[in-house]
Amino acid sequence: MSEGVNQDFVGRTYPPSGPYAVSAAEIAAFADAVGADDPVHRDAEVARAAGHADVIAPPTFAVTIAQQCDRAYVMDPESGIDYSRVVHGEQRFVHHRPITAGDELTGELTVDSIRMAGGHAMITTRTELTAGAEPVCTSTSTIVVRGGED
Amino acid sequence: MTVRTAAETVVGDLVGPKTIPVTRETLVAYAAASGDQNPIHQDEEFAKQVGLPDVIAHGMWTMGAAGAVVAEWVGEAGRVVEFGTRFTKPVVVPAAGAELLVDGRVTAVDAESRRATVEITASSAGAKVLGRCTAVVQLD
């Protein structure tokens, strides 16, 4: 139930998780699934000609890693989140550089805000993905924990 | 591959439209590629049990498909530097499949940074499925 969402988690930052290794095969499978035809996802020569170290991921690929980082929070019984009532409300990516095959990414999760409205809880989390000290992507996600209908 | 230039891009330029077919096989492939195995995206019986009209697409599949349209327009996927959306309605995917219609419009061009803002609309079966969907692209 949304009423049970623990607002004490606002501002909490989790210890970085990872590393998450990104492979060319994962990038190609993801690109296929979303219909991204750009050869920079599959052909390392084309990607290098465009200035990348190897094939790069489509712009929404970061969510696959960010959602793994989210688990520490949403699966924490203390968070009060009933995952069966969660829907994805908003998603935003700021790419500092494209995610590239061969990356070993670390994700640091922060609970930015928890807002109650109309019986629902809207929770915004932010994952900072980095490769060593280099910022790669900021992924911001708002999930909605739906309140009960009764 | 040719990347669009700031000099050739003006406010009002159109992106797409593109019609993208989506089937249950598409969603199984997206589930495998993304790790999101929620059965509402694959199992009709389960989806209906939890009150949905039918199997629905992952919101992130829809966003990813819209992102591919923007990437194709700008000329290189790595040029999509910011991308955000709200998920307003699901794409309902019956056994026969469905279609996603994506188009967009340039709303700002910054000559100095050579960045353009694109507002994207995405609809399926007449319903708008993404809200405030905006991308910022790095032009040449």
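Reply: Happy to, and let me begin with a definition: a residue is buried if 20 or more other C-beta atoms lie within 10 Å of its own, exposed if 12 or fewer, and partly exposed in between, with C-beta atoms placed from the backbone. This is a predicted model, where local features need pLDDT of at least 70, side-chain atom pairs count only at pLDDT 80 or more, and totals for chains, interfaces and linings use all residues. Residues are numbered from 1 along each chain as its sequence is written, while chains are lettered from A and ligands numbered from 1 in the order in which they are written.

Me: Is Asp82(A) buried, exposed or partly exposed, and why?

Reply: Asp82(A) sits in the loop between α3 and β2 of chain A. Helices (H or I, at least four residues) and strands (E, at least two) are DSSP runs here, numbered from the N terminus. Because Asp82(A) has 16 C-beta neighbours inside 10 Å, this residue counts as partly exposed.

Me: How far apart are the C-alpha atoms of Asp82(A) and Asp54(A)?

Reply: Along the chain, Asp82(A) and Asp54(A) are 28 residues apart.

Me: What is the order of elements in chain A from the N terminus on?

Reply: Chain A has 3 helices and 5 strands. Its C-alpha atoms fill a box of roughly 55 × 30 × 20 Å along the principal axes, and 39% of its 150 residues count as buried. From the N terminus on, the elements run β-α-α-α-β-β-β-β.

Me: Where do the buried residues of α1(A) lie on the helix, and why?

Reply: In α1(A), the buried residues are Ile27(A), Phe30(A), Ala31(A), Ala33(A) and Val34(A). Seen down the helix axis, using the directions from that axis to the C-beta atoms, they fall within an arc of 160 degrees, so they line one face of the helix.

Me: Which elements of chain B do the buried residues of α1(A) pack against?

Reply: Contact here is a matter of C-beta atoms: two residues are in contact if these atoms, placed from the backbone, lie within 7 Å. The partners are in chain B, and the buried residues of α1(A) pack against α1 (24-34) and α3 (59-74) of that chain.

Me: Which element gives the largest share of the side of chain A that touches chain B?

Reply: Across the interface, 29 residues of chain A are in contact with 29 residues of chain B. The elements giving two or more residues to the chain A side are α1 (24-34), α3 (62-74) and β2 (86-95). The largest share, 8 residues, comes from β2(A).

Me: How many nonpolar, polar and charged residues does the side of chain A that touches chain B have?

Reply: The classes first: Ala, Val, Leu, Ile, Met, Phe, Trp, Tyr, Cys and Pro count as nonpolar, Asp, Glu, Lys and Arg as charged, and the others, Gly among them, as polar. On that basis the side of chain A that touches chain B has 15 nonpolar, 9 polar and 5 charged residues.

Me: What is the bridge partner of Gln91(A) in β2(B)?

Reply: Two strands pair if DSSP finds at least two bridges between them. Here 5 bridges join β2(A) to strand β2 (residues 80-87) of chain B, and the two strands run antiparallel. In β2(B), the partner of Gln91(A) is Thr85(B).

Me: Which residue in β4(B) stands opposite Arg105(B)?

Reply: Strand β3 (residues 98-110) of chain B pairs with β1 (residues 14-22) of chain B in the antiparallel sense over 7 bridges, with Ile20(B) opposite Leu100(B). β3(B) also pairs with β4 (residues 115-124) of chain B, antiparallel over 9 bridges. β3(B) and β4(B) form a hairpin with 4 residues between them, and Arg114(B) in the turn has a positive phi of about 55 degrees. Opposite Arg105(B) stands Glu119(B).

Me: What feature does UniProt place at residues 16-110 of chain B?

Reply: Over this stretch the chain is 35% helix and 29% strand, and the end C-alpha atoms are 21 Å apart. UniProt positions are given in the numbering used here, feature names are shortened, and annotations may be inferred rather than shown by experiment. The UniProt record, an unreviewed entry, gives "domain: MaoC-like".

Me: What ipTM does the predictor give the complex?

Reply: Per residue, confidence is pLDDT, from 0 to 100; chain B averages 97, and 100% of its residues score at least 70. For the complex, the predictor gives a pTM of 0.96 and an ipTM of 0.97.

Methods:
pLDDT = per-residue confidence, 0-100.
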